[in-house]
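Biologist: I'd like to learn how to read strand pairing, helix packing and domain contacts. Can we walk through a case together?

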Amino acid sequence: METICPSCGVPLIISRTHEWRNGCIANRADGSANFSVYEASFHNGVFERLERQLGPTINRMVYIAGRVAAAEIARNLFSSRALTQRLLFRSPLYRLTQRKLILFTRSIGMGRIELLAHRRGKEGAVRVSDPFHLAHCTAVILGGLDVMYGFPVSFTARVEGEAYVGELVPGKKDSLGGEDAYRRLASERFIPSPLQDGKMFPSCRRCGAPLELGRSFSFDLQGGVITERETGDRCIFYGHRSLHAILREFELELGPEVRGLFVEAEMEGFSAKLARHPDYGLSWDLKSLRSYLALRGMGFLSRLEVKGDGVELELSNAFVPTVAVGRLVALWEGCAGKRADYTYGMEGNTLLLRITPAG
Ligand SMILES: [Zn+2]
């Protein structure tokens, strides 16, 4: 079975299930914006920082949020129709569906994930090597298996050499299902607004993925690793649902100012990246920024306007606004060679961002 497009190098399971449209990486089955392509080190950096401030409960939050989010993505990956979903997750099709889900987790850069044993409802074991983030990666796998087994299933995990092995506990449900957080995190839908020039990337004739995707990223399906070619940075397809669920949970605990912390972490991460790669192929103009953000599923830049000594930007379908704001402000600072002040707000799913020189 062919797994990687011989023409552009993108995993076929990605191009068959997702399309790049309206600034989003949208699931073909139900039209919802699912992912942004994101540096694994940024994800891990922000959570290490939060862990230092808030203690180890943060990993549990990531774990719960990621698991709920992954279950939703897994359920809708191949069909949005309830009847078809039931068929896919029942015998005789579920083995095929399960193999596809494992392949999908590798395609989105979670790490090398292998299915060791499986008998529906009785046993299940996965080995995970080189996960991009232990708690998040475990969560994604369990979310997928939750859908398989009727969730939430109970798992144990043990370290085995460089990898770890997770095993299903037969017939037992995870206590997670009783937790408020688990129910609360059942997440919203992210349906992008259609835009006039929303389909902006020339596509691969073989698989339909944007040609730019294969040019910008290399996919190692064996290892479950995605690498940004220009920088060598490991990247993941980061679920919008997961980030939103985590943000909501933090806001509940810490108040809305926690968003500022995510923006600042993003700014720091991206400034450091630009400093490491001074020739990073991204410039401060509408075309370059629009293509950069849309390829990564971060939204569609519909307006970039100079206002006095600052700029105003409008980003449609901005489902990861903290990421977009942090990144754009950092880039502006890099290009202008000075510090910035910024304000931002949302109108529906549209992000309005104003950047001015720091006063
Ligand atoms: Zn292709």
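Biologist: Which residue in strand 9 is the bridge partner of Asp220?

Modeller: Keep in mind that this is a predicted model. The partner of Asp220 is Val225. That bridge belongs to the pairing of strand 8 with strand 9 (residues 225-228), which is antiparallel and has 4 bridges. In this hairpin, 4 residues sit between the strands, and Gly224 has a positive phi near 65°.

Biologist: Okay, helices next. How do I describe a packed pair?

Modeller: You give the angle between the two axes and the distance between them. Here, take helix 3 (residues 57-76) and helix 9 (residues 240-254): their axes come within 8 Å and cross at roughly 140°. The crossing is right-handed.

Biologist: Which residues meet there?

Modeller: From helix 3, they include Met61, Val62 and Ala65; from helix 9, Ala245, Ile246 and Glu249 are among them. By class, this contact has 8 nonpolar, 2 polar and 3 charged residues.

Biologist: And how far apart are the C-alpha centres of domain 1 and domain 2?

Modeller: They are 30 Å apart. Domain 1 covers 12-184 and domain 2 covers 259-357.

Definitions and conventions: Residues are numbered from 1 along each chain as its sequence is written. This is a predicted model: local features need pLDDT of at least 70, side-chain atom pairs count only at pLDDT 80 or more; totals for chains, interfaces and linings use all residues. Axes are lines fitted to C-alpha atoms, for helices over the stretch in contact, and angles run from 0 to 180 degrees between N-to-C directions. Helices (H or I, at least four residues) and strands (E, at least two) are DSSP runs, numbered from the N terminus. A crossing is left-handed if the near helix is turned anticlockwise from the far one by less than a right angle, and right-handed if clockwise. Two residues are in contact if their C-beta atoms, placed from the backbone, lie within 7 Å. Ala, Val, Leu, Ile, Met, Phe, Trp, Tyr, Cys and Pro count as nonpolar, Asp, Glu, Lys and Arg as charged, and the others, Gly among them, as polar. Domain bounds come from an automatic or database domain assignment. Two strands pair if DSSP finds at least two bridges between them.
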